[in-house]
Amino acid sequence: EEWPASMRSIDSAKLANESMADLVRRYPDRFVGFAASMMLEDVDASLKEAERAIFEMGALGVQIFSNVNGHPMDEARFEPLYDTMERWGKPIWCHPMRPPTTPDYPSEEVSKYGLYMKFGWPYETTIFMSRLIYSGVMDRHPNLRVLTHHAGGVLPHLAGRLTLQQETPEMLRDLGIDESFNEAKVLASYRRFYGDTVFSGAHAPLNCALDFFGTDHILFGTDFPFGVEAGEMFIRETIAAVQEAVPDPALSQQLFEDNAHSILGVP
């Protein structure tokens, strides 16, 4: 008899977590931990598996995606996820997900030219962050730590648009936004998130991310093994980008290592 899809997915998450934990155990000189996989169609079962992965297998936190089969992450059913991760003091990694079946125009059925990934994924990350902010998730969980891939997607590069049109209280209410979201609170809310240094080999975008988030909210990442040269190019160029953007040894050490110690609890 075939298992229900949710059971198959939870089983896949368990397999992924056990495999990651095994890699960390086998190669302690190369890996210091992992992010646990989740299957959030079933939030309760996912949290039970996350508890096992974190407290029995050594996961440093959990990884989620920017939506669950097209559903936004500020839906009420995901509230236990944020409550639990805040209570455990463990971070959430968010990676964008946007399938090619999401068209770029309403008149089409699929995204053309791979644009769903190249530009759709960074957009997804920024929308994910915005929904957690304006829905009140971040306010309800002041100690929740969320790490975003590519340092907030398009956010650092379009930061000026965050307060381009500061709405009146009446306009905010019409948009479904709490009146407390003035310019200062909007900027502070976005800056609560953390980002990584992954910009697909380009150097200049890191300066935008550092300018917006600050050196204390950026962690070193590589996107390995994605990219050319079996991922080696991204590692090389990302190291070079950090050294170029942050020549001060103490500050670059913050990005390369110190932030991971304090934010992820890496020993």
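Which residue in β6 is the bridge partner of I92? Keep that in mind; the tour gets there soon.

**Before you start**

You're looking at a predicted model, where local features need pLDDT of at least 70, side-chain atom pairs count only at pLDDT 80 or more, and totals for chains, interfaces and linings use all residues. Residues are numbered from 1 along each chain as its sequence is written, and side-chain values use heavy atoms, with hydrogens and water left out.

**The whole protein**

Zoom out and show everything as a cartoon. The protein has 11 helices and eight strands; these are DSSP runs numbered from the N terminus, with helices being H or I of at least four residues and strands E of at least two. Its C-alpha atoms fill a box of roughly 55 × 55 × 40 Å along the principal axes. For 267 residues, a compact globule would have a radius of gyration near 18 Å, and the 19 Å found here agrees. That radius is taken over C-alpha atoms, and the globule rule is 2.2 Å times the number of residues to the power 0.38. Buried residues make up 42% of the 267, where buried means under 20% relative accessible area, exposed over 50% and partly exposed in between (1.4 Å probe, protein chains only).

**The sheet**

Now select the strands β1, β2, β5, β6, β7 and β8. They form an open sheet of six strands in the order β1-β2-β5-β6-β7-β8, with parallel pairing. β1 (35-37) and β8 (218-219) stand at the edges with a single partner strand each, so one side of each has no neighbour in the sheet. Two strands count as paired if DSSP finds at least two bridges between them.

Next, pick β5 (92-95). On one side, β2 (residues 61-65) pairs with β5 in the parallel sense over four bridges, and V62 has I92 as its bridge partner. β5 also pairs with β6, again in the parallel sense, over three bridges. Here's the reply to the opening question: in β6, the partner of I92 is V146.

Then move to β7 (residues 194-196), which runs parallel to β8 and is joined to it by two bridges. Select G195 and you'll find I218 of β8 opposite.

**The cysteines**

Select C94 and C208. C94 is buried, at 3% relative accessible area, while C208 is partly exposed, at 32%. The count of disulfides, meaning pairs of cysteine sulfur atoms within 2.5 Å, is zero.

**The largest pocket**

The largest pocket holds about 1,600 Å³ of space. Of the 41 residues lining this pocket, W93, F220, G221, T222 and F224 are the closest to its centre. α11 (249-264) is one of the elements giving two or more residues to the lining, and α11 gives the most, with six. The lining splits into 26 nonpolar, 10 polar and five charged residues.

A pocket is an open set of points on a 1 Å grid over the protein atoms alone, with protein on both sides within 12 Å along at least five of seven lines; in a cavity, a 1.4 Å probe fits but cannot get out, and lining residues have an atom within 4 Å of a point.

**The cavity**

Last stop: there is one cavity of 30 Å³ or more. The largest cavity holds about 40 Å³, and its lining includes T197, H203 and E237.

Definitions and conventions
Grid points are joined across faces, edges and corners, and a volume is the space filled by probe spheres set on the points. Ala, Val, Leu, Ile, Met, Phe, Trp, Tyr, Cys and Pro count as nonpolar, Asp, Glu, Lys and Arg as charged, and the others, Gly among them, as polar.
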